[in-house]
Amino acid sequence: MIIGLVAVLLLCPCLGLAGWAFWQAGEDEPAPAPSLSASAAPTGRPTSAPTDEPSAAPTSAKPTPAKPTPARKEFAKGDCVVNDGTAADAELRKVPCGPNTYEVLLRIPGTTDGDRCKTRAPEANANYVHNNSLDILDYVLCLKKR
């Protein structure tokens, strides 16, 4: 009984510290974040017609029967992407930086709150929200059109 109590008392602070460290990992970047506007930034909400811009709408990592499971994609600050999907169902792909691409200004792990780009990367004019069934795999990309 005492060994179990000691194990719990040691494990709880360690898990709390690990969770705090993970939460803070996305906050090491500078605080500026773009202000998103409905006219300039894709919001994932239908406006008039689908565009080739990234969507702010959460996407699911679950495969659909019609699509094969895509390879896991990792996006980092400084990467450039284009959207091969629609505004409602974005499919981002890394490309060399150039005109009509989106530069990743900030990747915020562990959240699906696209509004965090407003305060963390104010120069961003779009965002992409990745919503996974496991919350720890969620992330937001703050993007700037080049």
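Read from the N terminus, the elements of the protein chain follow the order α-β-β-β-α-β-β. The chain thus described belongs to a predicted model, and its elements amount to two helices and five strands.

Some totals for the protein chain are set out below.

| Property of the protein chain | Value |
|---|---|
| Share of the 146 residues that is buried | 34% |
| Share of contacts between residues at least 6 apart in sequence that join residues at least 24 apart | 65% |
| Accessible surface | about 8,900 Å² |
| Share of the accessible surface belonging to carbon and sulfur atoms | 63% |

The aromatic side chains provide a local detail. The count of aromatic pairs comes to one. Tyr128 and Tyr139 form this pair, with ring centres 6.4 Å apart; their planes stand at 50 degrees, so the pair is classed as tilted. The two residues are eleven apart, and the pair links distant parts of the chain: Tyr128 belongs to strand S4, which covers residues 126-130, and Tyr139 belongs to strand S5, which covers residues 139-145. Both Tyr128 and Tyr139 are buried.

Tyr139 has a further neighbour in Arg107, which lies over the face of the ring at 4.2 Å from the ring centre. Tyr139 is thus paired with the ring of Tyr128 and also has Arg107 over its face.

Terms used. Residues numbered from 1 in each chain as written. Predicted model: local features only at pLDDT ≥ 70, side-chain atom pairs only at ≥ 80, totals over all residues. Heavy atoms only, no water. Helix = DSSP H or I, 4+ residues; strand = E, 2+ residues; numbered from the N terminus. Buried < 20%, exposed > 50% of the residue type's maximum accessible area, 1.4 Å probe, protein only. Contact = heavy atoms within 4.5 Å. Areas by Shrake-Rupley, 256 points an atom, 1.4 Å probe, with all protein chains shown as cover. Phe/Tyr/Trp six-rings, centres within 6.5 Å; stacked < 30°, edge-to-face > 60°. Lys NZ or Arg CZ within 6 Å of the ring centre and 35° of its normal.
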